[in-house]
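Please open the model in your viewer and keep the sequence beside it. The tour goes from one selection to the next, and at each stop it says what is there.

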Amino acid sequence: MDKKERVRSLYDQTSAHYDDRYWEIQIHKYSAFEKDFLTNKAPLIVDSGGGTGLLARYLNREIVVIDLSVGMLKVASSKYPNVHLIAADAEKLPLRCGSSDLVVSFSMIQNLPNPEKGISEIIRCSSHDGIVTALSKIISQDRLVELIEMFSVDYEVVDLSQEDVAVRFAQ
Ligand SMILES: C[S@@+](CC[C@H](N)C(=O)[O-])C[C@H]1O[C@@H](n2cnc3c(N)ncnc32)[C@H](O)[C@@H]1O
């Protein structure tokens, strides 16, 4: 089993308990993101590796959630009517270039065998800006900066939570 298959299987198996375990942890990241970066104008948000749709639950708005784990997406579909679900690999998003104003990814990039491909896809699909966070115990702030610097975007390091390192980018 390769890394992607292992990750998919892990999230499929634990999806039923994900929201109970991680809601309190994830909302700190979402709230900092909402406060500092989300304008009142309502862009359609694409959430790469969006899992069970916790961001849609937090923001209570329409979101496109893309995830490799069908188990995670099934939880999203059973709980949140305001999510559009796509089962796909974050290293190859099934979206046109610049198709979304805002592409976000919370705590997913560290799962990828090739995190630079995931970041490249997030940037490609965003027409304006986005945010990428990664678990700091797996990807350091310096490594995340190194990854974002592979692309021709403006970026800033942002402080969202203790668990995650984060960068915001703009085209
Ligand atoms: C820690 S969870 C974060 C979920 C969500 N972003 C949140 O804030 O709750 C990581 C998610 O990344 C997804 N994931 C891992 N590898 C992926 C890949 N290659 N493509 C798409 N999703 C992936 C997992 O299935 C899981 O739902």
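Select helix H1 (residues 3–37) together with helix H3 (residues 70–79), which pack at an angle of about 30 degrees with their axes 7 Å apart. The axes here are lines fitted to C-alpha atoms, for helices over the stretch in contact, and angles run from 0 to 180 degrees between N-to-C directions. H1 and H3 are therefore roughly parallel to each other, on a scale where angles under 35 degrees count as roughly parallel, over 145 as roughly antiparallel, 65 to 115 as roughly perpendicular and the rest as oblique. To see where they meet, show Tyr11, Asp12, Ser15, Ala16, Tyr18 and Asp19 on the H1 side, and Val70, Gly71, Met72, Lys74 and Val75 on the H3 side; two residues are in contact if their C-beta atoms, placed from the backbone, lie within 7 Å. Sorted by class, this contact of H1 with H3 holds six nonpolar, two polar and three charged residues, where Ala, Val, Leu, Ile, Met, Phe, Trp, Tyr, Cys and Pro count as nonpolar, Asp, Glu, Lys and Arg as charged, and the others, Gly among them, as polar.

A word on the conventions: this is a predicted model, in which local features need pLDDT of at least 70, side-chain atom pairs count only at pLDDT 80 or more, and totals for chains, interfaces and linings use all residues. Residues are numbered from 1 along each chain as its sequence is written. Helices (H or I, at least four residues) and strands (E, at least two) are DSSP runs, numbered from the N terminus.

Next, select strand E7 (residues 164–170), in which six of the seven residues are buried, so the strand is largely enclosed by the rest of the structure. A residue is buried if 20 or more other C-beta atoms lie within 10 Å of its own, exposed if 12 or fewer, and partly exposed in between, with C-beta atoms placed from the backbone. Which strands pair with E7? Strand E5 (residues 126–135) runs antiparallel to E7 and is joined to it by seven bridges, and isoleucine 131 stands opposite arginine 168 of E7. Strand E6 (residues 154–158) also pairs with E7 in the antiparallel sense, over five bridges, with valine 157 as the bridge partner of valine 167; two strands pair if DSSP finds at least two bridges between them. E6 and E7 form a hairpin with five residues between them.

Now select helix H4 (115–125) and colour its buried residues, which are Pro115, Gly118, Ile119, Glu121, Ile122, Ile123 and Cys125. These buried residues pack against strand E1 (45–48), E4, E5, helix H5 (141–148) and E7.

Serine 107, in the loop between strand E4 (100–105) and H4, has a positive phi near 60 degrees in a residue other than glycine, and with 21 C-beta neighbours inside 10 Å it counts as buried. Asparagine 60, in the loop between helix H2 (54–59) and strand E2 (63–67), has a positive phi of about 50 degrees although it is not a glycine; with 9 C-beta neighbours inside 10 Å, asparagine 60 counts as exposed.

Finally, zoom out to the whole protein chain, whose secondary structure comes to five helices and seven strands. Along its principal axes the C-alpha trace spans about 40 × 40 × 35 Å, and 41% of the 171 residues count as buried.
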